[in-house]
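Please keep the sequence and the 3D view open while reading this report.

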Amino acid sequence: MHICCAPDETVGYERLAQYGKVLGLFYNPNIEPLVEYEKREAEAQRLAELMGVDYLEAEPDRYAWRASIAGFEDEPERGERCKRCIEHNLAYTAQKAVELGIPAFATTLTISPHKDVDYIHKTGKELAERFKVEYLVETLRKKDGFKRSLELSQKYNLYRQNYCGCRWSKIK
Ligand code: SF4
């Protein structure tokens, strides 16, 4: 399961447990600056330990990510920059699942009310075809998922960021 941040990870672990053992993968070369990246990663890892779930931080390939979004930096949120960012992170996740012999992948990105869930699922399915691995179509924000993430964030005293991740989402 691709993890974007600890608050979203909470519901991801709860919902994906129905499929069996879950490995949380923190791969987010989009998160800037480095101090913010380290803060979110530390929280994601702390939560995995608290919830007793396997966790892996993958080295963020910032050069590859920048290449993925090149030419679209100034697009508004949910535009082409975000599509490419999501595709980059999910492609890495699909590839990692294959490498580790894990039969399926999913993402916590579907919990956010700000994200285009149809695009996420469409991309997940295309990547599943490309990498020959299953994509789990889980829309975490359904069934009050976002509300549940707020409750669990409070329970575990999690850090909750106020911007998506890249420098362009930070400039308001
Ligand atoms: S706003 Fe979020 S999804 Fe969009 S490019 Fe930036 S980090 Fe990626």
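## Basis

This is a predicted model, in which local features need pLDDT of at least 70, side-chain atom pairs count only at pLDDT 80 or more, and totals for chains, interfaces and linings use all residues. Residues are numbered from 1 along each chain as its sequence is written.

Helices (H or I, at least four residues) and strands (E, at least two) are DSSP runs, numbered from the N terminus.

## Strands and crossovers

Strands S1 and S2 run parallel and are joined by two bridges; strands pair if DSSP finds at least two bridges between them. In this pairing His-2 stands opposite Leu-25 in S2. The chain passes from S1 through H1 to S2 in a right-handed β-α-β crossover. Right-handed here means that, with the strands pointing away from the viewer, the path from the first strand over the helix to the second runs clockwise.

S2 also runs parallel to strand S3 (residues 54-57), with four bridges between them. Gly-24 stands opposite Tyr-55 in S3. A right-handed β-α-β unit is made by S2, H2 and S3.

Nine of the 11 residues of H1 are buried (20 or more other C-beta atoms within 10 Å of the residue's own; exposed is 12 or fewer, partly exposed in between; C-beta atoms are placed from the backbone). The buried residues of H1 pack against strand S1 (2-3), S2, H2 and helix H6 (145-155).

The largest nonpolar core has 31 residues, and Met-1, Ile-3, Ala-44 and Ile-86 have the most contacts inside it. Such a core is a set of buried Ala, Val, Leu, Ile, Met, Phe, Trp, Tyr and Cys residues joined through C-beta atoms within 7 Å. H4 gives the most to this core, with seven residues.

## Glu-73

Glu-73 lies in the loop between helix H3 (62-69) and helix H4 (80-100). Why does Glu-73 count as exposed? Glu-73 is exposed because it has 12 C-beta neighbours inside 10 Å. Leaving aside neighbours within four places in sequence, Glu-73 is in contact with Arg-81 and Trp-168 (C-beta atoms, placed from the backbone, within 7 Å).

Terms used. Contact = placed C-beta atoms within 7 Å.
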